[in-house]
Amino acid sequence: MLDDARQNRIGRGLECDIVLTDPLASRIHAILTCEDKSWWVRDAGSRNGTHVGGQKYDEARLADGSVLRIGSTEFAFRQTASPLAEADAIEACW
């Protein structure tokens, strides 16, 4: 679950909110933020770039179903009106 009140970091670093084991990901690779009820991804100066929908972006607005690629790891961004139950969140990851 992302926190819409702060920056959510993705990368290999243990200080990240989403920690990847992907060797192609930077220590802090990208940052997800919510601004005016819209989610944005910003590349954090990574070596390999941040891709949304197959295109490389420095900054991109995310829509429900957007495919985000960091290194060789792909995520599907899902936005819901209410938080997922823990069991649903775990199932959604697989």
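Modeller: Let us begin with pairing: two strands pair if DSSP finds at least two bridges between them, and strands themselves are DSSP runs of E with at least two residues, while helices are runs of H or I with at least four residues, both numbered from the N terminus. With those terms in hand, Val 41 stands opposite Ala 60 in strand 7. This is a predicted model, in which local features need pLDDT of at least 70 and side-chain atom pairs count only at pLDDT 80 or more, whereas totals for chains, interfaces and linings use all residues. Residues are numbered from 1 along each chain as its sequence is written, and side-chain values use heavy atoms, with hydrogens and water left out.

Colleague: How do you know that strand 4 and strand 7 pair?

Modeller: Four bridges join strand 4 to strand 7 (residues 59-62), and the two run antiparallel; because the definition asks for at least two bridges, they count as paired.

Colleague: Why is strand 2 called an edge strand?

Modeller: Five strands form an open sheet in the order 2-1-3-4-7, with mixed pairing. Strand 2 (18-19) and strand 7 each have a single partner strand, so one side of each is left without a neighbour in the sheet.

Colleague: Which order do the strands of the four-stranded open sheet follow?

Modeller: The order there is 6-5-8-9, with antiparallel pairing, and the edge strands are strand 6 (55-57) and strand 9 (73-76), each pairing on one side only. Within this sheet, three bridges join strand 5 (residues 50-52) to strand 8, and Thr 50 has Ile 70 in strand 8 as its bridge partner.

Colleague: Why is Cys 16 called buried, and why is Cys 34 called partly exposed?

Modeller: Buried means under 20% relative accessible area, exposed means over 50%, and partly exposed lies in between (1.4 Å probe, protein chains only). Cys 16 has a relative accessible area of 7%, and therefore counts as buried, while Cys 34, at 22%, is therefore partly exposed. Over the protein, buried residues make up 32% of the 94 residues.

Colleague: How many disulfides does the structure hold?

Modeller: The structure holds zero disulfides, where a disulfide is a pair of cysteine sulfur atoms within 2.5 Å.

Colleague: What makes a group of residues a nonpolar core?

Modeller: It is a set of buried Ala, Val, Leu, Ile, Met, Phe, Trp, Tyr and Cys residues joined through side-chain atoms within 4.5 Å. The largest nonpolar core has 13 residues, and among those that touch the most other members are Leu 32, Val 41 and Ile 70. Strand 3, strand 4, strand 7 and strand 8 (67-70) give two or more residues to this core.

Colleague: Which residues is Ile 70 in contact with, leaving aside its neighbours within four places in sequence?

Modeller: Contact means heavy atoms within 4.5 Å, and the partners of Ile 70 include Ile 10, Leu 20, Thr 50 and Phe 75.
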